Amino acid sequence: MTRLSLKSSSPANWIETVLTRFDDFLLDHAANERKASAMAMSMVAHYPDRTRLVTAMIELALEELNHFRQVVKLATSRQLTLRPDEKDPYVNQIQVHMRKGKDDYFLDRLLSAAVIEARGAERFDIIATTITDPELATFYKTLARSEHNHHQLFINLAGEYFSRDAIDLRLEEWLQIENTIMTGLPIRPRLH
């Protein structure tokens, strides 16, 4: 099983920004959970002939939708209102690096998703170990475990359709791409 290690940790001032503007972070977090659910269902629509993928993505979509529901409930308890959808600069920059060609694009969808989920796991874990509210700490620790499982799911799914060598080579490239993007973005109270 291929293990995924991000090339760098999130900068310390990221968590400071999140904790200072937690309501803004929470609304962005909700949007990310909704988009993750939609992405999983998009995979089902694009690859209906890949039975293992379809089953996994339906389960993932439901789990991400449940996370969305939980974050919305938390936001509502803080009297926050969801915002209209806005582009995610991190994800948009990642999409620029998607290769053309049926197999290349499919592998890139799986591996870029794995890297995005790994960054989410890292950041949720930072929140869980830094935030002073014990309920929020527990919530984000649970989400960090979930995101870790998701990044491994995408790597495992890649293993169903591609060779280990192809996965390892492209995954290393994706880790470099993600690091360059993540370190080049301004610090904001966002998940990415």
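Q: Which residues of H7 are buried?
A: This is a predicted model, to start with. In H7 the buried residues are Ile 167, Arg 170, Leu 171, Trp 174, Leu 175, Ile 177, Glu 178, Asn 179, Ile 181 and Met 182.

Q: What covers the buried residues of H7?
A: The cover includes helix H4 (89–96), helix H5 (102–130) and H6.

Q: And how many residues does H7 have?
A: H7 runs over residues 164–184, which makes 21 residues. From first C-alpha to last it reaches 30 Å, close to the 30 Å expected at 1.5 Å a residue.

Q: You mentioned H5. How many of its residues are buried?
A: 21 of the 29, so H5 is largely enclosed by the rest of the structure. Its span is 42 Å from first C-alpha to last, close to the 42 Å expected at 1.5 Å a residue.

Q: Buried or exposed?
A: Glu 122 has a relative accessible area of 16%, and the cut-off for buried is under 20%, so Glu 122 counts as buried. Leaving aside neighbours within four places in sequence, Glu 122 is in contact with Leu 6, Ser 9 and Ser 10.

Q: Switching topic: at what angle do H3 and H6 pack?
A: About 165°, with the axes 12 Å apart. H3 covers residues 51–77 and H6 covers 134–161. The cut-off for roughly antiparallel is over 145 degrees, and therefore H3 and H6 are roughly antiparallel to each other.

Q: Left-handed or right-handed crossing?
A: H3 passes H6 in a left-handed crossing.

Q: Which residues meet there?
A: On the H3 side they include Arg 52, Leu 60, His 67 and Leu 74. On the H6 side, Phe 139, His 150, Phe 154 and Tyr 161 are among them. By class, the contact has 13 nonpolar, four polar and five charged residues.

Q: Last one: what does Asn 32 touch?
A: Not counting residues up to four places away in sequence, Asn 32 touches Asp 88, Leu 191 and His 192. Asn 32 lies in helix H2 (residues 22–46) and is buried, with a relative accessible area of 11%.

Q: How many Å apart are Asn 32 and Arg 170 in space?
A: They are 25 Å apart, C-alpha to C-alpha, and 138 residues apart in sequence. Arg 170 is one of the buried residues of H7.

How values were computed
Residues are numbered from 1 along each chain as its sequence is written. This is a predicted model: local features need pLDDT of at least 70, side-chain atom pairs count only at pLDDT 80 or more; totals for chains, interfaces and linings use all residues. Side-chain values use heavy atoms; hydrogens and water are left out. Axes are lines fitted to C-alpha atoms, for helices over the stretch in contact, and angles run from 0 to 180 degrees between N-to-C directions. Helices (H or I, at least four residues) and strands (E, at least two) are DSSP runs, numbered from the N terminus. Angles under 35 degrees count as roughly parallel, over 145 as roughly antiparallel, 65 to 115 as roughly perpendicular and the rest as oblique. A crossing is left-handed if the near helix is turned anticlockwise from the far one by less than a right angle, and right-handed if clockwise. Contact means heavy atoms within 4.5 Å. Ala, Val, Leu, Ile, Met, Phe, Trp, Tyr, Cys and Pro count as nonpolar, Asp, Glu, Lys and Arg as charged, and the others, Gly among them, as polar. The expected span of a helix is 1.5 Å times one less than its number of residues. Buried means under 20% relative accessible area, exposed over 50%, partly exposed in between (1.4 Å probe, protein chains only).
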